[in-house]
Amino acid sequence: MTTTPTGTEPRKAALDVAPTPLALLLLGREADPRSERGVECPGDLPSPSDPDLVERARTAKAKLGDRVFVLGHHYQRDEVIQFADVTGDSFKLARDAAARPEAEYIVFCGVHFMAESADILTSDDQKVVLPDLAAGCSMADMATAEQVAECWDVLTEAGIAGQVVPVSYMNSSADIKAFTGRHGGTICTSSNAQRALEWAFEQGEKVLFLPDQHLGRNTAVRDLGMSLDDCVVYNPHKPNGGLTAEQLRSAKMILWRGHCSVHGRFSLDSVEDVRNRIPGVNVLVHPECKHEVVAAADYVGSTEYIIKTLDAAPAGSKWAIGTELNLVRRVANAHPDKEVVFLDRTVCFCSTMNRIDLPHLVWTLESLAEGTLVNRIRVDEETEHYAKLALERMLALP
Ligand code: SF4
């Protein structure tokens, strides 16, 4: 977790934007309430205006003691992150949870696929809880088990399934991770995508990269030296993915047509605009951004890389960061000696991540403290077995 140096008055983050309720509108899900999972919160959700929320969360957490371990993803709100025992990206958090077997309850302040991964990696005795079941991920939802099975049929008909190794980004459902495990593939994170792809090309001739086309393309082109022509995009909403058998046969990278609703918002214009506004600015973006944005940036890397880069940057340096706004605000506050701005003028929270707010956390902790298990996330045994296989292949990557 980034912290403000003691004894230093934090400079107000040099962001051009202020959070507004509008930023919490659903991204990537349009306005269809049926696309949301479990929006209803059983029980009495405390009012957001309750002045005792912080105290209530503290009391309930203290009552649970070592029985509860609260995980906070980097993109979470400050009001929630203050109660996290540990912060990090999704994979680090899942591993942290597995390293705390004495914790009966793992409260995952993140999104659904992250809680699934934590359930896969923790013991059967540990119960993983997601404070709001509606906290999904638009990217993970862009690849369903049925669509991916259909894609595999298309690859089989094109006569190439035997040459294809699936590589799935951590940001995918347990079903997709299990598919990957079943077909000899591996999971990757934004930190180890290059190693995962290198491994996959030692096992086969082609890679099916799920579900984030941008991370797949950026890694193949930037890190493995492929050309854009080596990549094709499989669109699950078109017959045969919108590709001919010949296109599939000549491609090296078959990219699933998925993207992150947050990082997908940054454009080449954002980069050019910030360079004009702030001479000498360093542009630092996440590899989930579009290829043209990544190509125009000075630095590219995972959330952890972004934090470390800012920690190591000299005082007085200027940075425009292309990732989720909660993280950029915290990084800016932790570095009052540097100028840190958000890459785009439009506020860009991860709306689903932001569903986990203080009222939901209080409700969760109080329910657990009273002995009521709520919002448990469980992955069935068979899915867990194959998803774990894919995760273990990632852990064994050189
Ligand atoms: S930032 Fe993007 S990839 Fe991450 S949880 Fe939100 S929608 Fe999903």
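Helices, which are runs of H or I with at least four residues, and strands, which are runs of E with at least two, are taken here from DSSP and numbered from the N terminus. What we have is a predicted model, in which local features need pLDDT of at least 70 and side-chain atom pairs count only at pLDDT 80 or more, while totals for chains, interfaces and linings use all residues. Residues are numbered from 1 along each chain as its sequence is written.

Let me start with the annotated positions. The unreviewed UniProt entry places the feature "binding site" at ten positions that include Ser90 and His286, and such annotations may be inferred rather than shown by experiment.

His286 sits in the loop that runs between strand E10 (282-285) and helix H11 (291-296). His286 counts as buried because 28 C-beta neighbours lie inside 10 Å, the cut-off being 20 or more other C-beta atoms within 10 Å, with C-beta atoms placed from the backbone. Its contacts (C-beta atoms within 7 Å), leaving aside neighbours within four places in sequence, include Ser190, His263 and Thr303.

Ser90, by comparison, belongs to helix H3 (residues 90-98). Ser90 is likewise buried, since 26 other C-beta atoms lie within 10 Å. Beyond its neighbours within four places in sequence, Ser90 is in contact with His73, Gly110, Met114, Ser117 and Met170, and the UniProt record also lists His73 and Met170 under "binding site".

Definitions and conventions: Buried ≥ 20, exposed ≤ 12 C-beta atoms within 10 Å, placed from the backbone. Contact = placed C-beta atoms within 7 Å.
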